[in-house]
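Please open the structure in your viewer and keep the selection tool at hand.

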Amino acid sequence: MLKDFCEPIKVRVYDKDSGKFTFIRNKEMYADYIEQIFNHLIEKNLWSITRVMADQPKNTTDVCECEDLLREIRKDVKIKYAIMDGEFYEDFTGDTENFSIILDQYIRVQNGDLKMATEANFKNMTWYVCWTPYNLNQFVRSPLIESRLVGYMTYLFDMKGFLRWNYCLFPDSDDFRYRPDVWACGDMFFVYPEKAGVPEISLRLKQLMYGNYDYSFLRYCESKLGRDYVLDLVKDFTGEIIDLAYNEPTREISGGYKDDYDLMESIKKKLALKLENK
């Protein structure tokens with residue numbers, strides 16, 4: 001752990017002088033380590049798409065100190081927060097452009113149950129789900145339509161995207177469980193390990209990808225037909241934002257969205273026909 005920094009950071013490094021592995025011990029060493037990573041990304045022409053990610057921070061004081069250190073290294077660093085704690089929203093006064101808001105907290109903001117210290121521009125934000133809520137998620141037990149709905153809900157929310165919290169967790173043993181008190185076996189896998197070592201795409205990932213294609217199609221239709229026209233059709237599938245509610249004890253979302261692939265396809269056909277006639 002760093003002796004002179006707020007976060008309990010633990011970074012193992014190789015010391016060329018001693019020929020041994022050691023740990024970064026202070027803030028100065030840590031800043032030098034981060035700067036080397038930034039410079040590497042710049043050399044690889046990856047800096048423009050690089051985000052430093054903070055996963056579910058709770059303390060805005062510590063976050064601000066971390067931000068200050070990163071901006072001392074490079075002023076143009078872009079930081080993204082995946083936020084789950086309502087108090088963080090209420091206290092944070094920085095830029096929310098790179099926020100990703102968990103679904104139940106987004107619903108609280110929309111219903112007026114949660115205020116934000118800074119006015120949020122949801123057009124520049126993404127949303128996500130994690131171990132909660134239990135529905136409108138991509139668990140193994142989830143109906144496949146819920147993966148597909150992500151693209152349509154993102155359009156309904158008028159956000160720029162969806163943050164998926166994991167891709168895969170390949171263990172060294174034959175026990176594929178991870179925290180079985182929270183996740184069923186398989187929830188960690190959006191792809192599965194084939195015998196040949198090539199990832200096998202899950203149906204949930206395929207449906208999420210199709211939902212992403214649908215989202216792009218909806219945005220294109222919006223550019224040609226206007227958002228009001230597209231949104232009226234989409235709401236037949238997603239329901240209204242105002243109808244969404246989160247039940248804390250059951251951790252479930254209620255709302256007007258439908259498990260109806262035929263309805264979804266009919267919406268796309270209506271839009272395609274409208275584009276053709278236009």
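Begin by selecting glutamate 67, which lies in helix H2, the helix of residues 60-73. In this predicted model, the relative accessibility of glutamate 67 is 15%, and because buried means under 20%, glutamate 67 counts as buried.

Next, select lysine 80, whose place is in strand E4, residues 79-83. Is lysine 80 buried or exposed? With a relative accessible area of 12%, lysine 80 is buried. Show the side chains of lysine 80 and threonine 126 together, and you will find them joined by a polar contact of 3.5 Å. Once neighbours within four places in sequence are set aside, the residues in contact with lysine 80 include Arg51, Val52, Met53 and Ala54, and also Asn98, Phe99, Ser100 and Thr126.

Now turn to the helices. Two packed helices are described by the angle between their axes and the distance between the axes. Select helix H5 (residues 144-157) together with helix H6 (residues 203-225), and you will see that their axes come within 7 Å and cross at roughly 25°. Angles under 35 degrees count as roughly parallel, and H5 and H6 are therefore roughly parallel to each other. The crossing in which H5 passes H6 is right-handed. To display the contact itself, colour the residues on each side: among those of H5 are Leu144, Arg148, Tyr152 and Tyr155, which belong to a set that meets residues of H6 including Leu203, Gln207, Tyr210, Asp214 and Leu218.

The contact is made by Leu218, Arg219, Cys221, Glu222 and Leu225 on the H6 side, and by Arg227, Tyr229, Val230 and Val234 on the H7 side. Leu218, Arg219 and Glu222 of H6 are also listed among the residues that meet H5.

Finally, colour the model by pLDDT. The mean over the protein is 90, and 99% of the residues reach 70 or more. Which element has the lowest mean pLDDT, and which the highest? Helix H3 (residues 86-91) has the lowest, at 82, while helix H7 (residues 227-238) has the highest, at 98.

Technical notes
Residues numbered from 1 in each chain as written. Predicted model: local features only at pLDDT ≥ 70, side-chain atom pairs only at ≥ 80, totals over all residues. Heavy atoms only, no water. pLDDT = per-residue confidence, 0-100. Helix = DSSP H or I, 4+ residues; strand = E, 2+ residues; numbered from the N terminus. Buried < 20%, exposed > 50% of the residue type's maximum accessible area, 1.4 Å probe, protein only. Polar contact = N/O pair within 3.5 Å; in protein donor to acceptor, adjacent residues only side chain to side chain. Contact = heavy atoms within 4.5 Å. Axes fitted to C-alpha atoms, helices over the stretch in contact; angles between N-to-C directions. Parallel < 35°, antiparallel > 145°, perpendicular 65-115°, else oblique. Left-handed = near helix turned anticlockwise from the far one by under 90°.
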